[in-house]
Amino acid sequence: MTTQKTILLFDGECKFCNFWVGLIQRQKAQHRFCFFALQSQKGKELQAKYNVDRNIDSVIVIEGNKVYYKSNAAFVIAKLLGGFWYLTLVLWLIPKPIRNWLYDVAAKNRYRFFNKKSNCDFHN
């Protein structure tokens with residue numbers, strides 16, 4: 001029986017996002033994910049297939065038929081990576097509106113702090 005991989009869509013033009021995708025790929029559990037830039041053809045196809053709002057420009061996780069955004073997406077990733085990353089799930093205790101507000105602040109400023117890439121490092 002083959003287990004379906006979790007899909008991780010990310011901003012391929014963001015150095016910060018590319019850093020995190022690279023970090024995930026170096027973890028033992030990295031084989032559980034398929035990575036696609038939001039800007040790639042496959043990324044656009046997946047966004048359409050799962051009715052993802054085109055205004056979402058940060059991490060999206062698709063696990064089975066469920067779509068996760070913002071802090072919930074980060075928690076799915078941490079859960080699948082396990083080990084040390086599993087400890088970050090304690091942040092789940094922070095109310096979702098506050099978690100997502102913090103996530104939005106970081107996402108809104110990511111280009112200012114980490115600049116924009118001219119191309120994506122990950123081409124799945």
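Of the 124 residues in this chain, 41% are buried, where buried means under 20% relative accessible area, exposed over 50% and partly exposed in between (1.4 Å probe, protein chains only). The model is predicted, so to speak plainly about its limits: local features need pLDDT of at least 70, side-chain atom pairs count only at pLDDT 80 or more, and totals for chains, interfaces and linings use all residues. Residues are numbered from 1 along each chain as its sequence is written, and side-chain values use heavy atoms, with hydrogens and water left out.

**Overall fold**

You will find four helices and four strands here, in the order β-α-β-α-β-β-α-α along the sequence. Helices (H or I, at least four residues) and strands (E, at least two) are DSSP runs, numbered from the N terminus. Among contacts between residues at least 6 apart in sequence, 62% join residues at least 24 apart; a contact means heavy atoms within 4.5 Å.

β1 pairs with two strands, as the table shows. Two strands pair if DSSP finds at least two bridges between them.

| Partner of β1 | Sense | Bridges |
|---|---|---|
| β2 (residues 33-37) | parallel | five |
| β3 (residues 60-63) | antiparallel | three |

Within these pairings, Ile 7 has Cys 34 of β2 as its bridge partner, and Leu 8 has Val 61 of β3. β1, helix α1 (residues 15-25) and β2 also make a right-handed β-α-β unit: with the strands pointing away from the viewer, the path from the first strand over the helix to the second runs clockwise.

**Cysteines**

Cys 34 is partly exposed, with a relative accessible area of 24%, whereas Cys 17 is buried at 13%. A search of the whole structure finds zero disulfides, a disulfide being a pair of cysteine sulfur atoms within 2.5 Å.

**Asn 72**

Asn 72 sits in helix α3 (residues 70-81) and is buried, with a relative accessible area of 14%. Leaving aside residues up to four places away in sequence, Asn 72 touches Trp 92, Lys 96 and Arg 99. With Arg 99 there is a side-chain to side-chain polar contact of 2.8 Å (a pair of N or O atoms within 3.5 Å; within protein, one must be able to donate a hydrogen and the other to accept it, and residues adjacent in sequence count only if both atoms are side-chain atoms).
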